[in-house]
Amino acid sequence: MQRLIVPLASVAALVALIGCPGEAPPPEHPTTTASPSLPGLPDLGGRTVTVAVENNYPPFNAVRGASGEPYGWDYDALAEICRRIHCTAQFTAVPWEGIFEALAAGSFDLAANGISVTEERDALVDFSVPYITVGQVLVVPFAATVDEVAEFAENPANVVGTQAGTTNEAAARAAFAADRVRTYPDFDAAVEALLSGEVAGVVVDNVTALRLVAARGGRIKIGPQLTSDEPLAFAFPPGSELVAPFNAALESMKRDGTLDAINNRWFRP
């Protein structure tokens, strides 16, 4: 997730999977494995690891409609990690604004949720090795012709929207004058502003952009890219003993192609 800390798959597959993330999710969703770890990897002995997620940030995590069934990259990836290092992942839905504070207080063993690694965050928490690197893109109306961000920015009438308190907002403010950046409580609200003509583009990471485009049936499209260098990783309390085993599992998933397969399922067009 490309969000800043407050103080103290295919497109078709995404269309099929997007439910109603605004519904209240169940408080916990365990993912278990009873088998020992894979050869050459640490064995956590079936330990339960508590995981903080929003359950409101597809394709990383969300809840399917009335069934209340959680789904997303976080669930698939952590199920595979726990299969490899013999642990049980127990998910708890937490508001984004409280995730880092809860993590620092030791309320959870780790936070998922597509978290961008930044210097500010790295001073407060420990990170796993990255599982993907994302970039910021400009989402525009389908009929619009936008080849370059610089050309788009030259037109003083072009105002952009993004989600408040995120690294997406930071990228927008780096590319556009402050008075031409409008913030919204979430990306869906920013896209609705785009469709109503209130803004001319939305600055968002390329993974979330896939979900936004798929959900709106050809009314918007992904335009030019602003940045391409944001690693995403799991966040842990400082000094957590889980960082090393999680890194070992992620590296093994990279070597055998499993991580690419999960990423492709949820993140690729």
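Guide: Twelve salt bridges are present in the structure, each defined as a side-chain nitrogen of Lys or Arg within 4 Å of a carboxyl oxygen of Asp or Glu. The model is predicted, so local features need pLDDT of at least 70 and side-chain atom pairs count only at pLDDT 80 or more, while totals for chains, interfaces and linings use all residues. Residues are numbered from 1 along each chain as its sequence is written, and side-chain values use heavy atoms, with hydrogens and water left out.

One of the bridges pairs D109 with R47, at 3.6 Å from N to O. D109 sits in the loop between α3 (96–104) and β6 (110–116) and R47 in strand β2 (residues 47–53), so the contact ties together parts 62 residues apart in sequence. Helices (H or I, at least four residues) and strands (E, at least two) are DSSP runs, numbered from the N terminus. R47 is partly exposed, at 28% relative accessibility; buried means under 20% relative accessible area, exposed over 50%, and partly exposed in between (1.4 Å probe, protein chains only).

Another bridge links E69 and R64, whose closest N and O atoms are 3.6 Å apart. E69 is partly exposed at 41% relative accessibility, and R64 is partly exposed at 24%.

In helix α6 (residues 167–175), E169 and R173 lie four residues apart, about one turn of the helix. Their side chains form a salt bridge of 2.9 Å, N to O. E169 counts as buried at 15% relative accessibility, whereas R173 is partly exposed at 37%.
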